[in-house]
There are 2 protein chains.
Amino acid sequence: MNLKQLSHMLSLSQTTVSRALNGYPEVSEETRRRVMDAAKRHGYRPNPSARRLATGKSGMIGYVLPTGNAVDIDPHFVEFLSGLGDYARSHELDLVLSPADADDEETTYRRIVANRQVDAVYISSPRPADKRLALVNTLGIPFIVHGRSEGFDFDYPYLDIDNEGAFHEAARLLVQLGHKRLALINGNERETFAIHRERGMRRALAASGLTLGERHIRSVAMTEENGYRAARRLLEENEPPTAIACSSLIMALGVVRAVRDLGLTIPGDLSLVAHDDVFPWLRPENFPVPLSTTRSSIRLAGARVAERLAARISGLEEGARGEVWPVDLVVRGSVAGAPT
Amino acid sequence: MNLKQLSHMLSLSQTTVSRALNGYPEVSEETRRRVMDAAKRHGYRPNPSARRLATGKSGMIGYVLPTGNAVDIDPHFVEFLSGLGDYARSHELDLVLSPADADDEETTYRRIVANRQVDAVYISSPRPADKRLALVNTLGIPFIVHGRSEGFDFDYPYLDIDNEGAFHEAARLLVQLGHKRLALINGNERETFAIHRERGMRRALAASGLTLGERHIRSVAMTEENGYRAARRLLEENEPPTAIACSSLIMALGVVRAVRDLGLTIPGDLSLVAHDDVFPWLRPENFPVPLSTTRSSIRLAGARVAERLAARISGLEEGARGEVWPVDLVVRGSVAGAPT
DNA sequence: AGAGACTTCCAAAGCGCTTTGGCTATCTTA
DNA sequence: TAAGATAGCCAAAGCGCTTTGGAAGTCTCT
């Protein structure tokens, strides 16, 4: 059942039927009702390929997925996706993942824009002066950044959590508990979120005349193993830290294991705080010692990004609005006063 | 630059240019070369929307993503995706995720097929007599199942690992080590993989005149917390199992925690084997006691599924070929002889 | 009653590709 | 040498929608 048949059936022109269906004003209410009725009755659904050719709109949002043998997709991605999908579903939006060579995402961005494959894209895990940002900005496709970049002379729309504030608060708490030697096991130092977290922590320390020594910062990919290694190296120093802030629950698993291996205890010898993106399958309250966290649901972020993308596509949102979500600091058993 | 302009430029008809570009035989080699040259020189790329309207082919593969507030996307998904994306990239295939109400995926399947949004789909985590399978089979869209179903009167193409064999081997080893009371912490009992694993284990036990009591099987969603709970319940019984097989590393984390909480040790009091899908961020060799596993890379499976989907789309693969991958049993420190 | 302004509808021209159904040479074959 | 086959190309008709540029009819106002 296509438009032609439907309009024949109604003794109307395709124009009128199309307009009636798409809510244009130049059609009488009565006619519109007739058309709508017939469309529903016959289960007419406009052919998206045709519509897309005519309008250039695809009804899809895009994500360029870096791939490659050495490239691991972040497990956070799936939770973000849950949220995104949840919203997208209610708006009949599909998501297209365009795999790209991790060393050359530009080609893929150019392709999906040139081909008008998607109406909008989102970008995640941005770095300072991230090329992708500059690119989509000049390409002129609607987009939203999940996270933030830095060092651009233009503004852009983003959704980010207050990473700096979160780690500032966490560090401040630890300092108040008497800790003087803090350490940070961070994610990839080239990503903005990691920079912000470090910044927040430094600021909290500075406020009490303390500093975060270079030796006390580890920037690594967020795996259990890296958490373990980083923690061991930190704890086996001469003057080991008495508190660690850690950028992910998965790394925190490794930290806990390292502490055990060294015969130490949490929070007796070491206080530990980690950032929690809220996974259903790994919860901080279930750590051997319940883990204090800075918490922000990445799933909700996904839903919000989808919502804003939809708004941008339909022209409801414009400009370069940045949105920063506060982060909860949830204190559990893994922090205590500094050992004396 | 579109086909019209290009053909004008070459003083050829659109027909000929189109045919030259798409490798049809009724065009001379010389002309073809001229066309190819010009196309490359001017960076001509056929408009996919137009091509799609004309041919009905989209160059995309689809996945229906169940969503909803209560629905958690499996973290395995992201690893599978890595593999899929890796292959898809090299073939300029995009992946479209169509979010669906978890309680009504059928509507979404029908939509993407009716709209010809994708050329093929894959289905994951199938159950026995899975409705989605029957549906895509009648809808006639090319598909591949990742996993297996059961109880259909038709065959279908799938890629699965030998779950039954894997758990059979694992259980056999445990029995040989003298264990008599085994337990299984399984995934969702309604999914085929879980059924197969249980079957494999039962078979191994039966071969030695042992059985797997109902009390010794737990079927739960694969989270750390569920692993913990299941393990506690098992270990706090009168005659607790001396060996546990566990369907995922994440649950195994919980099992390890439970063992610790109860003041027991691995492998002294309990031998533990888990299935490992090979995540980069959580590795069995890094468990407090290196974990014995049945191992199969889900990432490779993703790549293979993509490969076969591509083959089906281009007509290179036909029929209902099932492919079952063997699973490695990797023995590490977490198994030992049964306590006496 | 006639001019202007709406309202409501339509025919037809795109969007950019593929594919059908020829048409014209050139080449075989008997 | 005439008839049939083949190679190489083209015009035009789709694919199914949106949108432009009217046209006809109805109202309103002077």
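User: Which residues come nearest to DNA strand D in this predicted model?
Analyst: The model is predicted. A residue is taken as near the strand if one of its heavy atoms lies within 4 Å. There are 27 residues around DNA strand D, and those that come nearest are L3(A), S18(A), R19(A), T15(B) and T31(B).

User: Which residue has a side-chain N or O atom 2.9 Å from a base nitrogen of DNA strand D?
Analyst: Y24(A) places a polar side-chain atom 2.7 Å from a phosphate oxygen of DNA strand D, while T15(A) has one 3.1 Å from a base oxygen. The contact to a base nitrogen, at 2.9 Å, comes from the side chain of R19(B).

User: What percentage of the atoms of DNA strand D within 4 Å of the protein belong to sugar or phosphate?
Analyst: The atoms of DNA strand D within 4 Å of the protein are divided between bases on one side and sugar or phosphate on the other. The share belonging to sugar or phosphate is 59%.

User: Which residue of chain B stands opposite L97(A)?
Analyst: Within chain A, strand 1 (residues 60-67) and strand 2 pair in the parallel sense over 8 bridges, and Y63(A) stands opposite L97(A). Strand 2 of chain A also pairs with strand 2 (residues 94-101) of chain B, in the antiparallel sense over 3 bridges. In that strand of chain B, the residue opposite L97(A) is L95(B).

Terms used: Residues numbered from 1 in each chain as written. Chains lettered and ligands numbered in written order. Predicted model: local features only at pLDDT ≥ 70, side-chain atom pairs only at ≥ 80, totals over all residues. Heavy atoms only, no water. Pairing = 2+ DSSP bridges. Helix = DSSP H or I, 4+ residues; strand = E, 2+ residues; numbered from the N terminus. Polar contact = N/O pair within 3.5 Å; in protein donor to acceptor, adjacent residues only side chain to side chain.
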